[in-house]
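Subject: Structure for your review

Dear colleague,

Please find below the sequence and structure that I am handing over to you.

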Amino acid sequence: MAKSRVDYTKVDASYMSHRQLKRGAAGWILLAGLGVAYVISGDFSGWNLGLAQGGWGGLLIAFVLMGIMYTCMVFGLAELSSTLPTAGAGYGFARRALGPLGGFATGMAVLIEYAVAPAAIATFIGGYIEALGLFGLTNSWPVYLVTYAIFIGIHIRGVGEALKLMFAITAIAVLALVATVVGLVPKFDAANLFDIVPSDAAGASSFLPMGIAGALAALVYGIWFFLAIEGVPLAAEETANPKKDMPRGIIAAMAMLLVFGALMLVLVPGAAGAEAMSTSDNPLPEALRIAYGGNTLLADFVNYAGLAGLVASFFSIVYAYSRQLFALSRAGYLPRWMSLTTRWRTPYVALIVPGTIGFLLAALTRDGGLLINIAVFGATVSYVLLNLSHIVLRRREPNLPRGYRTPGGAVTTGVALVLAVVAVIATFVVDVLAASITAGIFVAALAYFWFYSRHHLVASAPEEEFAQISEAEKEIR
């Protein structure tokens with residue numbers, strides 16, 4: 001991506017003092033918990049909608065391909081986050097490798113993903129609450145409003161408190177996944193995986209009931225098993241030792257997610273049937289109820305604890321979108337007032353603005369599947385740019401001090417890059433309207449950068465300082 005000329009504007013001495021995050025709030029264990037928390041809701045809801053797109057075989061292919069993509073990308077992100085540890089994360093990596101336009105494009109793609117994903121999760125939280133019959137609540141806007149208000153409020157109060165609470169909630173969710181595995185193993189029947197009647201599509205079979213096209217469409221839902229783990233580096237400025245803690249945390253989280261994702265993919269439809277699970281808003285407790293012929297204490301426990309999984313992801317992705325917006329705003333790519341922080345050093349404006357947008361999306365659409373498609377489009381575009389950034393930095397700056405080096409180097413992230421391009425194409429296969437609208441918003445954001453914000457950047461922002469140091473070193477050489 002060609003580098004665009006930018007202009008820096010002067011800010012007073014107090015500018016950065018009003019835009020500080022709390023350092024040293026997280027070690028690698030909390031980071032691993034953060035990585036799992038980002039994604040764990042994907043094990044409780046959303047992935048199963050891929051069964052309706054490609055059948056179990058199509059979703060299995062999607063899980064394997066996207067598992068490879070994410071694993072390769074995570075190794076690359078482990079290196080990048082130990083090398084350029086800033087709150088901008090994806091934007092900061094791409095800013096150094098691809099210039100200001102590439103940095104902004106990556107940051108906006110990540111922001112679209114993280115602003116919309118909580119809205120999708122809010123609809124799934126509503127589905128779990130409705131399944132429990134709590135207080136007569138339905139899957140509707142009051143549930144979404146309370147969810148956003150409570151967890152944004154906790155984040156505003158302090159990052160240390162928020163991360164520790166998130167870790168505890170994630171532990172409950174992990175326990176629910178273990179309980180689901182224990183409950184479904186005795187009821188597993190491989191025939192249930194293939195109970196969707198094959199269509200007349202090209203290549204259709206009991207393994208691929210919607211044919212080859214169905215397997216491609218299922219990629220979007222294969223992504224949902226891992227979506228948002230790339231947000232771990234956003235905690236870099238609040239980490240005790242990012243050069244060591246970032247690689248440990250994100251790699252440990254990825255390993256756990258691969259295991260749990262594989263278990264859910266096999267056991268849930270294997271016990272309750274792929275057809276029944278393909279449209280469920282709460283597949284884990286529903287699978288237990290189908291498998292055991294009615295309600296059980298185990299199903300109720302997983303239903304309640306499943307709420308913890310959804311809350312953990314909602315809670316942590318709210319953290320992620322606020323840090324990405326904070327970094328882009330602090331550097332002047334987006335309006336600078338969005339990066340103001342409280343006396344607890346939390347970016348309150350960057351928490352509230354995307355939260356308001358997400359609540360409106362959830363309340364107006366009430367369609368988790370649609371919101372997944374929008375979030376995944378933003379994610380896949382960012383994955384293309386993130387992997388490209390790693391490859392460019394490896395080749396352009398081989399001697400850059402790195403706290404961790406990716407096994408296989410640029411070859412590893414090259415594999416992830418190819419699969420990310422395929423995933424972008426898949427978003428148009430699943431829902432061309434949602435992908436097109438999101439692409440339009442993305443292009444409008446790029447126009448804002450090109451015509452306005454690139455002339456009003458802030459040189460003292462950490463991500464910009466990294467880039468300026470690199471450019472100065474090149475001029476000296």
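A nonpolar core is taken here as a set of buried Ala, Val, Leu, Ile, Met, Phe, Trp, Tyr and Cys residues joined through side-chain atoms within 4.5 Å. Buried means under 20% relative accessible area, exposed over 50%, and partly exposed in between, with a 1.4 Å probe and protein chains only. The model is predicted, so local features need pLDDT of at least 70 and side-chain atom pairs count only at pLDDT 80 or more, whereas totals for chains, interfaces and linings use all residues. Residues are numbered from 1 along each chain as its sequence is written, and side-chain values use heavy atoms, with hydrogens and water left out.

The core

The largest nonpolar core has 165 residues, of which Tyr-70 and Leu-227 touch the most other members. Helix α3 (residues 90-132) supplies the largest share of this core, 25 residues; helices (H or I, at least four residues) and strands (E, at least two) are DSSP runs numbered from the N terminus. Not counting residues up to four places away in sequence, Leu-227 touches Tyr-38, Val-39, Tyr-70, Glu-113, Ala-117, Ala-375, Val-376, Ala-379 and Tyr-383, where contact means heavy atoms within 4.5 Å.

Ile-229 sits in the loop between α7 (219-223) and α8 (242-272) and is buried, with a relative accessible area of 0%. Beyond its neighbours within four places in sequence, the contacts of Ile-229 include Tyr-38, Val-39, Tyr-70 and Met-254.

Helix α13

Leu-385 counts as buried at 8% relative accessibility, and its C-alpha atom is separated by 9.7 Å from that of Ala-97, 288 residues apart along the chain. Ser-389 also lies in helix α13 and is buried, at a relative accessible area of 0%. Leaving aside neighbours within four places in sequence, Ser-389 is in contact with Phe-93, Ala-94, Ala-97 and Leu-98.

Aromatic pairs

The structure holds 19 aromatic pairs. Rings of Phe, Tyr and Trp (its six-membered ring) pair if their centres lie within 6.5 Å; planes under 30 degrees apart count as stacked, over 60 as edge-to-face and the rest as tilted. The rings of Tyr-148 and Phe-314 have centres 4.8 Å apart and planes at 75 degrees, so this pair is edge-to-face. Because Tyr-148 lies in helix α4 (residues 141-157) and Phe-314 in helix α11 (residues 297-330), the pair ties together parts that are 166 residues apart in sequence. Tyr-148 is buried, with a relative accessible area of 3%, and Phe-314 is buried with 0%.

The rings of Tyr-333 and Phe-449 are stacked, because their centres lie 5.9 Å apart and their planes are at 15 degrees. This pair links distant parts of the chain, 116 residues apart: Tyr-333 is in the loop between α11 and α12 (348-365), and Phe-449 is in helix α15. Both Tyr-333 and Phe-449 are buried. Trp-47, Phe-63, Tyr-70, Phe-225, Phe-226 and Tyr-383 form one aromatic cluster.

With kind regards
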